[in-house]
Amino acid sequence: MNNRIKAILTGSILMVLLFLFFFPERTIKLEAEGYEARYLPDETFELHWIHSIENSEWYEVYEVNEDAFLLTNTYFETFGAGVPHDSEGAPELTEEGLVKFTVNDTYDALYLNVSKNVETTIIQNQKEYPLYEFYETNTALEMKIVNTTLIQRITGG
(Lines give C-alpha, C1' and ligand atoms only; values in the text may rest on other atoms or scores of the structure.)
Protein backbone atom coordinates (compact mmCIF):
# COMPACT_ATOMS: atom_id res chain seq x y z
CA MET A 1 0.00 0.00 0.00
CA ASN A 2 1.43 3.35 -0.91
CA ASN A 3 1.89 6.19 1.59
CA ARG A 4 -0.96 8.28 0.20
CA ILE A 5 -3.52 5.49 0.72
CA LYS A 6 -2.16 4.85 4.23
CA ALA A 7 -2.52 8.55 5.07
CA ILE A 8 -6.11 8.60 3.77
CA LEU A 9 -7.02 5.47 5.75
CA THR A 10 -5.37 6.80 8.91
CA GLY A 11 -7.18 10.12 8.52
CA SER A 12 -10.49 8.34 7.95
CA ILE A 13 -10.03 6.16 11.03
CA LEU A 14 -9.18 9.22 13.12
CA MET A 15 -12.29 11.03 11.87
CA VAL A 16 -14.50 8.05 12.78
CA LEU A 17 -12.95 7.84 16.25
CA LEU A 18 -13.38 11.57 16.81
CA PHE A 19 -16.99 11.28 15.68
CA LEU A 20 -17.61 8.38 18.09
CA PHE A 21 -16.00 10.18 21.04
CA PHE A 22 -17.60 13.58 20.47
CA PHE A 23 -20.99 12.83 18.90
CA PRO A 24 -23.70 13.64 21.47
CA GLU A 25 -26.09 10.86 22.40
CA ARG A 26 -29.18 11.02 24.60
CA THR A 27 -28.68 9.18 27.90
CA ILE A 28 -30.12 8.97 31.39
CA LYS A 29 -27.76 10.63 33.83
CA LEU A 30 -27.75 9.69 37.52
CA GLU A 31 -26.23 12.38 39.72
CA ALA A 32 -25.62 12.47 43.45
CA GLU A 33 -23.47 14.90 45.38
CA GLY A 34 -20.07 13.41 46.15
CA TYR A 35 -20.35 10.66 43.52
CA GLU A 36 -19.22 10.34 39.93
CA ALA A 37 -22.11 10.57 37.45
CA ARG A 38 -23.49 7.30 36.08
CA TYR A 39 -25.17 6.87 32.71
CA LEU A 40 -27.85 4.51 31.43
CA PRO A 41 -29.29 4.12 27.91
CA ASP A 42 -32.31 6.32 27.23
CA GLU A 43 -34.63 3.32 27.24
CA THR A 44 -37.62 2.13 29.25
CA PHE A 45 -36.73 1.10 32.80
CA GLU A 46 -38.32 -0.05 36.03
CA LEU A 47 -37.67 1.57 39.40
CA HIS A 48 -38.02 -1.00 42.23
CA TRP A 49 -38.06 -0.59 46.02
CA ILE A 50 -39.46 -2.16 49.16
CA HIS A 51 -42.27 0.02 50.53
CA SER A 52 -41.30 1.11 54.04
CA ILE A 53 -44.77 0.65 55.56
CA GLU A 54 -46.24 -2.15 53.45
CA ASN A 55 -42.89 -4.01 53.49
CA SER A 56 -43.57 -5.32 50.00
CA GLU A 57 -41.95 -4.64 46.64
CA TRP A 58 -43.28 -1.81 44.52
CA TYR A 59 -42.11 -0.82 41.10
CA GLU A 60 -42.82 1.80 38.48
CA VAL A 61 -42.30 1.60 34.74
CA TYR A 62 -40.84 4.67 33.02
CA GLU A 63 -40.50 5.36 29.31
CA VAL A 64 -38.19 8.03 27.93
CA ASN A 65 -40.08 10.51 25.75
CA GLU A 66 -38.18 13.38 24.17
CA ASP A 67 -36.59 15.04 27.22
CA ALA A 68 -38.90 13.69 29.93
CA PHE A 69 -39.75 10.51 31.80
CA LEU A 70 -43.23 9.07 31.33
CA LEU A 71 -44.41 7.05 34.31
CA THR A 72 -46.72 4.56 32.61
CA ASN A 73 -47.58 2.04 35.32
CA THR A 74 -47.16 1.40 39.03
CA TYR A 75 -47.25 -2.11 40.51
CA PHE A 76 -47.73 -3.02 44.17
CA GLU A 77 -49.02 -5.86 46.32
CA THR A 78 -51.58 -4.27 48.62
CA PHE A 79 -53.45 -1.05 49.12
CA GLY A 80 -52.08 0.98 52.00
CA ALA A 81 -50.17 4.14 52.84
CA GLY A 82 -48.91 6.00 49.82
CA VAL A 83 -50.86 3.95 47.29
CA PRO A 84 -51.91 5.98 44.25
CA HIS A 85 -55.56 6.85 44.28
CA ASP A 86 -56.04 7.87 40.64
CA SER A 87 -55.59 5.56 37.70
CA GLU A 88 -56.39 6.24 34.06
CA GLY A 89 -58.50 3.10 34.15
CA ALA A 90 -59.64 0.63 36.71
CA PRO A 91 -56.73 -0.98 38.58
CA GLU A 92 -55.87 -4.42 37.22
CA LEU A 93 -54.64 -7.55 38.98
CA THR A 94 -51.64 -9.15 37.26
CA GLU A 95 -50.96 -12.89 37.03
CA GLU A 96 -48.30 -12.38 39.72
CA GLY A 97 -50.96 -11.01 42.08
CA LEU A 98 -49.85 -7.39 41.87
CA VAL A 99 -52.16 -4.41 41.49
CA LYS A 100 -51.35 -2.45 38.32
CA PHE A 101 -52.23 1.23 38.09
CA THR A 102 -52.00 3.04 34.76
CA VAL A 103 -50.59 6.47 35.51
CA ASN A 104 -49.15 8.26 32.44
CA ASP A 105 -47.57 11.21 34.29
CA THR A 106 -44.59 13.08 32.84
CA TYR A 107 -41.53 14.24 34.80
CA ASP A 108 -38.62 16.38 33.59
CA ALA A 109 -36.41 14.73 36.22
CA LEU A 110 -36.76 12.08 38.91
CA TYR A 111 -35.59 12.67 42.46
CA LEU A 112 -35.21 9.75 44.81
CA ASN A 113 -33.61 8.89 48.08
CA VAL A 114 -31.51 5.77 47.70
CA SER A 115 -31.62 3.39 50.62
CA LYS A 116 -30.25 -0.01 51.48
CA ASN A 117 -33.32 -0.45 53.70
CA VAL A 118 -35.66 -0.39 50.70
CA GLU A 119 -33.19 -1.81 48.16
CA THR A 120 -33.64 0.93 45.55
CA THR A 121 -32.96 -0.74 42.18
CA ILE A 122 -33.30 0.11 38.50
CA ILE A 123 -33.99 -2.71 36.04
CA GLN A 124 -33.43 -2.04 32.36
CA ASN A 125 -33.23 -4.67 29.62
CA GLN A 126 -33.07 -7.48 32.21
CA LYS A 127 -30.02 -5.82 33.80
CA GLU A 128 -30.24 -4.81 37.45
CA TYR A 129 -28.62 -1.67 38.82
CA PRO A 130 -28.77 -1.96 42.64
CA LEU A 131 -28.48 1.74 43.46
CA TYR A 132 -28.29 0.94 47.17
CA GLU A 133 -24.94 -0.76 46.49
CA PHE A 134 -23.61 2.21 44.48
CA TYR A 135 -24.60 4.95 46.95
CA GLU A 136 -24.73 5.30 50.72
CA THR A 137 -28.14 5.04 52.40
CA ASN A 138 -30.08 8.34 52.29
CA THR A 139 -28.21 9.63 49.25
CA ALA A 140 -30.33 12.05 47.22
CA LEU A 141 -30.22 11.05 43.57
CA GLU A 142 -31.34 13.02 40.53
CA MET A 143 -32.12 11.27 37.25
CA LYS A 144 -32.43 13.33 34.10
CA ILE A 145 -32.20 12.97 30.35
CA VAL A 146 -29.15 14.64 28.84
CA ASN A 147 -27.11 14.66 25.66
CA THR A 148 -23.58 13.44 26.35
CA THR A 149 -20.61 12.34 24.36
CA LEU A 150 -18.75 9.09 24.88
CA ILE A 151 -15.75 11.02 26.22
CA GLN A 152 -18.02 12.69 28.84
CA ARG A 153 -19.41 9.33 29.91
CA ILE A 154 -15.92 7.83 30.18
CA THR A 155 -14.57 10.74 32.20
CA GLY A 156 -17.71 11.17 34.32
CA GLY A 157 -18.39 14.65 32.92
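How many helices and strands make up the secondary structure of the protein chain?

## Overall architecture

The protein chain comes to three helices and 11 strands, where helices (H or I, at least four residues) and strands (E, at least two) are DSSP runs numbered from the N terminus. Read from the N terminus on, the order of the elements is α-β-β-β-β-β-β-β-β-β-β-α-β-α. The model is a predicted one, in which local features need pLDDT of at least 70 and side-chain atom pairs count only at pLDDT 80 or more, while totals for chains, interfaces and linings use all residues. Residues are numbered from 1 along each chain as its sequence is written, and side-chain values use heavy atoms, with hydrogens and water left out.

Of the 157 residues in the protein chain, 37% are buried. Buried means under 20% relative accessible area, exposed means over 50%, and partly exposed lies in between, with a 1.4 Å probe and protein chains only.

## The largest pocket

The largest pocket holds about 220 Å³ of space. On a 1 Å grid over the protein atoms alone, a pocket is an open set of points where a 1.4 Å probe fits, with protein on both sides within 12 Å along at least five of seven lines; lining residues have an atom within 4 Å of a point. Grid points are joined across faces, edges and corners, and the volume is the space filled by probe spheres set on the points.

The lining of this pocket consists of Leu47, Trp49, Glu60, Tyr62, Tyr107, Leu110, Tyr111, Leu112, Asn113, Val118 and Thr120. Strand S3 (45-50), strand S4 (57-65) and strand S8 (109-114) are the elements that give two or more residues to the lining. The largest share, four residues, is that of S8. By residue class, the lining of the largest pocket divides into eight nonpolar, two polar and one charged. In this scheme Ala, Val, Leu, Ile, Met, Phe, Trp, Tyr, Cys and Pro count as nonpolar, Asp, Glu, Lys and Arg as charged, and the others, Gly among them, as polar.

## Aromatic pairs

A pair of aromatic rings is described by the distance of the centres and the angle of the planes. Rings of Phe, Tyr and Trp (its six-membered ring) pair if their centres lie within 6.5 Å; planes under 30 degrees apart count as stacked, over 60 as edge-to-face and the rest as tilted. By this rule there are eight aromatic pairs. One of them is the tilted pair of Trp49 and Trp58, at 5.9 Å centre to centre with 40° between the planes. Trp58 counts as buried, at 4% relative accessibility. Trp49 and Trp58 also belong to a cluster that ring pairs form with Phe76 and Phe101.

The pair of Tyr62 and Phe69 is edge-to-face, because the ring centres are 6.5 Å apart and the planes stand at 85°. Tyr62 is buried at a relative accessible area of 4%, and Phe69 is buried at 0% relative accessibility. Tyr62 is also among the residues that line the largest pocket.

A further ring, that of Phe134, has Arg38 over its face, at 3.9 Å from the ring centre. A charge sits over a ring if NZ of Lys or CZ of Arg is within 6 Å of the ring centre and within 35 degrees of the ring normal.

Lys29 lies in strand S1 (residues 25-31) and is buried, with a relative accessible area of 14%. The side chains of Lys29 and Glu31 are joined by a polar contact of 3.5 Å. A polar contact is a pair of N or O atoms within 3.5 Å; within protein, one must be able to donate a hydrogen and the other to accept it, and residues adjacent in sequence count only if both atoms are side-chain atoms. Lys29 and Ile145 are 116 residues apart along the chain, with 6.1 Å between their C-alpha atoms.

Thr139 belongs to strand S11 (residues 139-148) and counts as buried at 10% relative accessibility. The Thr139 side chain reaches the backbone oxygen of Glu136 at 2.6 Å.

## Positive phi values

Asn104, in strand S7 (residues 99-107), has a positive phi near 60° although the residue is not glycine. Asn104 is partly exposed, at 33% relative accessibility.

Asn138, also not a glycine, has a positive phi of about 75°. Asn138 is located in the loop between helix H2 (131-134) and S11, and at 56% relative accessibility Asn138 counts as exposed.
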